[in-house]
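Try each task before reading its solution.

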Amino acid sequence: DIEDIDAMITLQKTDTHVERLMSVNRIEDLRQQFKRCDIDGNNYATVEELVQLLSSLGFAKTFAKKEAQKIMQELDLNGDGVIDFGEFATAWEQHQFSANDKYAHAVFNVFDENGDGYIDANELKAVLFADGDDDAEIIYKEEKNADDEDEEE
């Protein structure tokens, strides 16, 4: 029911044990990415490490310092001045969700030709059978024939 779904969403939003939300392989890949930020290997990324990382990627030192501060403000969820793996993973997943959400909206907009916020049968047909072949009618007839044959047996 709706209350259970809301509780699950709230749990996922507040869950600091990101490992429960991801596959083992994905966590390992994410840990490898986090290690790039955690240069000294103490399981925390500091502003200085972020500056060093950004500088090594070719950014000017002054720009790297400003960006490192912005990154720290965005990712340091508990305000302790460092980014731990949980904070890094949470930010990564939010970024992935945001990217997936944008993609889903773009695909929806392709189907929703008139922009009314709904995909009607004609819009769906126009996208799925854009080559002009009305395969939908053929598929329907084949399914109907198969159903009729099943009833005869």
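**Exercise 1.** Find which residues D112 is in contact with, leaving aside its neighbours within four places in sequence.

*Solution.* Start by locating D112, which sits in the loop between helix 5 and helix 6; helices (H or I, at least four residues) and strands (E, at least two) are DSSP runs, numbered from the N terminus. Next, look for contacts, meaning heavy atoms within 4.5 Å. With those neighbours set aside, D112 is in contact with G117, Y118, I119 and E123. Finally, check the accessibility: buried means under 20% relative accessible area, exposed over 50%, and partly exposed in between (1.4 Å probe, protein chains only). D112 has 6% relative accessibility, so D112 counts as buried.

A word on the model: it is predicted, so local features need pLDDT of at least 70 and side-chain atom pairs count only at pLDDT 80 or more, while totals for chains, interfaces and linings use all residues. Residues are numbered from 1 along each chain as its sequence is written, and side-chain values use heavy atoms, with hydrogens and water left out.

**Exercise 2.** Decide whether D120 is buried, partly exposed or exposed, and find the backbone nitrogen beside its side chain.

*Solution.* D120 also lies in the loop between helix 5 and helix 6 (121–128). Its relative accessibility is 34%, so D120 counts as partly exposed. Now look at the side chain of D120: one of its polar atoms lies 3.1 Å from the backbone nitrogen of N122.

**Exercise 3.** Describe the order of the elements in the protein chain.

*Solution.* Count first: the protein chain has seven helices and two strands. Then read from the N terminus, which gives α-α-β-α-α-β-α-α-α. As for burial, 21% of the 153 residues are buried.

**Exercise 4.** Work out how the rings of F34 and F85 are arranged.

*Solution.* A search of the whole structure finds three aromatic pairs; rings of Phe, Tyr and Trp (its six-membered ring) pair if their centres lie within 6.5 Å, and planes under 30 degrees apart count as stacked, over 60 as edge-to-face and the rest as tilted. The centres of the F34 and F85 rings are 5.9 Å apart and their planes are at 80°, so this pair is edge-to-face. F34 belongs to helix 2 (residues 24–37) and F85 to helix 5 (residues 85–111), so the pair ties together parts that are 51 residues apart in sequence. Both F34 and F85 are buried, and together with F88 they form one aromatic cluster.

**Exercise 5.** Find which residues touch the most other members of the largest nonpolar core.

*Solution.* A nonpolar core is a set of buried Ala, Val, Leu, Ile, Met, Phe, Trp, Tyr and Cys residues joined through side-chain atoms within 4.5 Å. The largest one has 18 residues, and F34, C37, L50, A68, I83, F85 and F88 touch the most other members. Helix 2, helix 3 (47–56), helix 4 (61–75) and helix 5 each supply at least two residues of this core. Helix 3 gives the most, with five residues. For a closer look, take C37: not counting residues up to four places away in sequence, C37 touches A45, E49, L50, L53 and F88.

**Exercise 6.** Find where N43 lies and whether it is buried or exposed.

*Solution.* N43 is in the loop between helix 2 and strand 1 (44–45). At 53% relative accessibility, N43 counts as exposed. Its phi is positive, about 75°, although N43 is not a glycine.

Technical notes: Polar contact = N/O pair within 3.5 Å; in protein donor to acceptor, adjacent residues only side chain to side chain.
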